[in-house]
Amino acid sequence: MLQKASIKFDKELFKRSVIANVKTLYRKTLEEATQQQIFQAVSYAIKDVIVDNWMITQKEYEKQDPKMVYYMSMEFLMGRALGNNMINLQAYDSVKEALEELGLDINVIEDQEPDAALGNGGLGRLAACFLDSLASLGYAAYGCGIRYRYGMFKQEIRDGYQVEVPDNWLVDGNPFELRRPEYAKIIKFGGWVNAYVDQNGRTVFKQEGYQSVKAIPYDMPIVGYGNGIVNTLRIWDAEPVECFSLDSFDKGDYQKAVEQENLARNIVEVLYPNDNHYAGKELRLKQQYFFISASVQEAVAKYMRNHDDIRRFHEKVTFQLNDTHPTVAVAELMRVLMDDFYLTWDEAWEVTTKTCAYTNHTIMAEALEKWPIELFSRLLPRIYQIVEEINRRFIQQIQQRYPGNQEKVRKMAIIYDGQVKMAHLAIAAGYSVNGVARLHTEILKNQELKDFYEMMPEKFNNKTNGITQRRFLLHGNPLLAEWVTAHVGNDWITDLPRISKLRVYADDEKAQQEFMNIKYQNKVRLADYILEHNGIEVDPRSIFDVQVKRLHEYKRQLLNILHVMYLYNELKDHPEMDFYPRTFIFGAKAAAGYRNAKLTIKLINSVADVVNNDPVINGRIKVVFIENYRVSNAEWIFAAADVSEQISTASKEASGTGNMKFMLNGALTLGTMDGANVEIVEEVGQEHAFIFGLSSDQVIHYENFGGYNPMDIFNNDQDIRRVLMQLINGTYSRDTELFRPLYNSLLNTQSTSKADTYFILADFKAYAEAQRRVEAAYRDEKNWAKSAILNVASSGKFTSDRTIQEYVDQIWHLDKVVLPKKEEKTK
């Protein structure tokens, strides 16, 4: 990887450490140990190095007392830790050599590590990239989340259907985590609140009759690239306050004996439990309050260990709320300040509103969390009291600003129509509200959050998302990383805009050939993975057309597979037609309770079964669904992709970050002008992407004023009609009713709700035409290579380092921490 070591790496010491770890942990020699045991031993050896830096970093933070951001998120999609830690220590090549001398293969060892099941989609991966950038840029930060035992789920595909099984990622232990019971916190649920007047004449609120659990923090190191900084991801596990009731057990009440343990265990079992029922909703709210209360309590306690005036808390601490899930932090901080430190309401509000900042990640109304008052007030009685008072005062502000305008109150109140609206709470209390791509932020200001923007425009700002090039190029695509470094130097690793120097090679025939050869080798690597895991042979010389992301109807995986069905019809009708071979690669998890999303997965696999086994088309189309899409296989997929499918309905995707990862790895974007696609096209030029479909303005106009009828398209376009009829005529399933819900969602023959909500049929022909442009462009290899190189060269804006620096400069106002040099430490 052409890395210089930033640590003095003692190869012989490292080898001895690995051998000693195998012996100490497993009572085995290196020859007797399993690959998993060797992975653990290597990880502990690397952790030894990290812990030294971790301790130095934390001591320096205590000494320099920098302002610190707590990045609060339900998800942190970290991926594997070993390879990333070695890269950021700048020790990857040295470790690889040491392992080879022990007769070990670093790739085999890395493959033993399960992905940490702490997240699912773009929200969680963004949080992980942000932590990497914060450490690499030298800013003090904690990530705060939950230590899920089983993640969301591990996806298995059985008979074409998604089946959710537990993702038991902790079965062999996590060598990089540290359990920190000394920082445990008690979290209270339920009961009631009594008010007392104490001896000083203050009204004191006390929660009584509650159930409680103990939050135990586990710390994971976040290693900065080459600067010695190690920040912390703190994930909270739940344990019972009283582990086991021997008295109940002895009386034969075995369930009662473990009741407290079960209460605690349920909170941290899974990410996003199915909330199609009341118990699921309650569990989600418990999860959110659990990790937020623990994080807020510890942030305050940490501050007070070195400071004596809680009223100045906001000068040293800021909370960034990653979407609406952590918004209860507003009320929890108020509770701690008033109930534990006896601040007045106004004093507590002053601190809270200078501490909390909110990132909105979605335009979709269903994702702006709302809780039934009955559930919220029963589960969190003291928090509900505080939210009620925030709401009362906020409504007064609305009425003062807009006298007699009840419609404004209806649209903006935090509590209304029997619901607690968490996004409204975040906006009312936050000192900053940001969107995650320029288009997304404009839609928030002009549509979804228009009333809030009109009332408090100074809070709103945009921070276009980014990704860390250290994982998604340096680690994920070492061949391309070495090629980039050979041509423009290695500054891009910490300053991605420097990659723009590649532009001069875009027309260089030798560089083009080298680039396309690297892409081919990465396609061979992915083809081998597909053969091993799917049993499908794909041609690495075909166009690798890839759509990998969370499965949701607005992301329009359905449009993609309907187009594959259309192409298949064309080839069946005209077997002699000139057609460049295509491999369509999908990867996605659907939420367990999301029927149409899961049915789309079944459709993709049903189409694959037919198309992949039809001798008439002679392998010219292959369809692959990669099971259990996650960070570790994503790295290989991004490196191998030719075409990046970013085809969400315009106005629905907040940003996307997969689009940036594909771009960084030299794939061309096929997409709508949605989310960050708009900015990608600005950077690289529209001639180096394939843009199609309705604009966001057109979609919003149809949604507001009507005028779109998919049945008109169905009636007048025989190609589309044929494809849709194949959903229900037995072409892809003997059960002709299996895909009827997808058919109905597009044409709505069985319902009074809107048909084709995400404008799939409206964009179908434009998408098919864009796909024809893709094929024509790919046939011109020189020009394709030029466009691919220019995509890589234009990716500099989309580093999470840039995004974080914007947060620092415009929202958080953190101080950069520089560790003293080694010589200074020894004085």
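Q: Which residue stands opposite Val546 in strand 21?
A: Two strands pair if DSSP finds at least two bridges between them, and strands themselves are DSSP runs of E, at least two residues, numbered from the N terminus, as are helices (H or I, at least four residues). Here, Val546 stands opposite Ser644 in strand 21. Strand 18 and strand 21 (residues 643–646) run parallel and are joined by two bridges. By the way, this is a predicted model, where local features need pLDDT of at least 70 and side-chain atom pairs count only at pLDDT 80 or more, while totals for chains, interfaces and linings use all residues. Residues are numbered from 1 along each chain as its sequence is written, and side-chain values use heavy atoms, with hydrogens and water left out.

Q: What does Val546 stand opposite in strand 19?
A: That is Ile585. Strand 18 runs parallel to strand 19, with six bridges joining them. Strand 18, helix 22 (residues 557–573) and strand 19 also make a right-handed β-α-β unit. Right-handed means that, with the strands pointing away from the viewer, the path from the first strand over the helix to the second runs clockwise.

Q: Is strand 18 buried or exposed?
A: Buried means under 20% relative accessible area, exposed over 50%, and partly exposed in between (1.4 Å probe, protein chains only). Six of the six residues of strand 18 are buried, so strand 18 is largely enclosed by the rest of the structure. Ile543, Asp545 and Gln547 cover one side, and Phe544, Val546 and Val548 the other; all are buried.

Q: In what order do the strands of the open sheet come?
A: Six strands line up as 20-19-18-21-22-23, with parallel pairing. The edges are strand 20 (621–625) and strand 23 (690–691), each pairing on one side only. Helix 21 (residues 509–534) packs on the sheet, touching strand 18 (543–548), strand 19 and strand 20, and its direction makes about 70° with that of strand 20. Contact means heavy atoms within 4.5 Å; axes are lines fitted to C-alpha atoms, for helices over the stretch in contact, with angles from 0 to 180 degrees between N-to-C directions.

Q: How many disulfides does the structure hold?
A: A disulfide is a covalent bond between the sulfur atoms of two cysteines. The cut-off is a pair of cysteine sulfur atoms within 2.5 Å, and the structure holds zero. For Cys129, the closest cysteine sulfur, in Cys144, is 18 Å away, too far for a bond. The sulfur of Cys356 is 12 Å from its closest, also in Cys144, and that is too far for a bond.
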